[in-house]
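The sequence and structure come first, followed by the description.

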Amino acid sequence: ITTVSGNEFLLQSDIDFLILDWFHAIKNAIDRLQKEQRITSRNLEFKLRRSSSIELLNSLDTESKEPKPDHRKSLIFKLNYSASDTNDRNRVKSRLKKFISRRPSLKTLQEKGLIKDQIFGSHLHLVCEHEKSTVPQFVRLCIKAVERRGLDVDGIYRVSGNLATIQKLRFVVNQEEKLNLDDSQWEDIHVVTGALKMFFRELPEPLFPYCFFEQFVEAIKIQDNATRIKSIRTLVKKLPRPNYDTMKILFEHLKKIAAKESVNLMSTQSLGIVFGPTLLRPEKETGNMAVHMLYQNQIVELMLSEYSKIFGSEED
């Protein structure tokens, strides 16, 4: 809006009914000024642009055709509140609905190879089904890399790797089928261990399924050691095959880490602290987080200390 004194005002909104209210308020003000002040059209002229065409609400001076400087021109108001605009919006909505309904499903895109199955953030059983195995290939590769060049590294699994590099590795794993962890860009073994921990942390359901959490907690509370081990063993044997096989290979690996404690300073207790909250957690956090964390650590520690009794055959 440009006033007679030369002041210019800009009013903007994406809300149609609000713009319409402004339109009526300005129009009423113009009409009221005409009646009350009875000024000539040479002293006051309001122009309102509606949509993209100029509409003079009040032709106060039809004889005056003098062009005005650009900075004194009336401000454009785009009301976009006409029936034709409403029809345009409805057509756009209709086209969007048709587009969305015609989109191919995620499964179709995956079958065509346009979208690859993700490794990180996918359910364990889905990753295993896709790879036709019971242990994710990425887990096996990480374990082999750590056992080749990380068993003697101080603070292995406790020391954090560079997060940016870990995220880069995560991206590569999700996008490419072949992975070479001996590549120079993954030379920092803490990047490999960090990515492995991230894989387990991002599982939608942890390695110890939610439905087993309370049962494992109750088992670790048992005072008699032999009964406690037997209870943990029974629960482990009940796990789904991908969970059991992945857990077995992971704990066998961590047992090798603990065996080098004198060099890498990672005891079963230290590994329990690192992996406890990563491998098992309640589906819904309660006020007992500190207590749960203690039990989580103890469960991992016991399973490492008594690995052969828990994962061994019945004869063992």
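Helices α10 and α13 pack with their axes 9 Å apart, at an angle of about 75°. That makes α10 roughly perpendicular to α13, the term for angles of 65 to 115 degrees. Axes are lines fitted to C-alpha atoms, for helices over the stretch in contact, and angles run from 0 to 180 degrees between N-to-C directions. Contact means heavy atoms within 4.5 Å. On the α10 side, M247, F251, L254 and K255 meet V300, M303 and L304 of α13.

The model is predicted: local features need pLDDT of at least 70, side-chain atom pairs count only at pLDDT 80 or more, and totals for chains, interfaces and linings use all residues. Residues are numbered from 1 along each chain as its sequence is written, and side-chain values use heavy atoms, with hydrogens and water left out.

The protein has 14 helices and 2 strands. These are DSSP runs numbered from the N terminus, helices being H or I with at least four residues and strands E with at least two. Of the 316 residues, 37% count as buried. Buried means under 20% relative accessible area, exposed over 50% and partly exposed in between, with a 1.4 Å probe and protein chains only. Among contacts between residues at least 6 apart in sequence, 73% join residues at least 24 apart.

The largest nonpolar core has 67 residues, and F208, F251 and M303 have the most contacts inside it. Such a core is a set of buried Ala, Val, Leu, Ile, Met, Phe, Trp, Tyr and Cys residues joined through side-chain atoms within 4.5 Å. Leaving aside neighbours within four places in sequence, F208 contacts F216, M247, F251, L279, L280, I299 and M303.

In helix α8 (residues 210-220), the buried residues are Y210, F212, F213, F216, V217, A219 and I220. They lie on the same side of α8, because they cover an arc of only 160° around the axis; the arc is that of the directions from the helix axis to the C-beta atoms. Their cover includes α9 (225-237) and α13 (289-305).

| Residue | Relative accessible area | Class |
|---|---|---|
| H253 | 1% | buried |
| C128 | 2% | buried |
| C211 | 55% | exposed |

H253 belongs to helix α10 (residues 241-259). Not counting residues up to four places away in sequence, H253 touches I143, V146, E147 and Y157. A search of the whole structure finds 0 disulfides, a disulfide being a pair of cysteine sulfur atoms within 2.5 Å.

Methods. Parallel < 35°, antiparallel > 145°, perpendicular 65-115°, else oblique.
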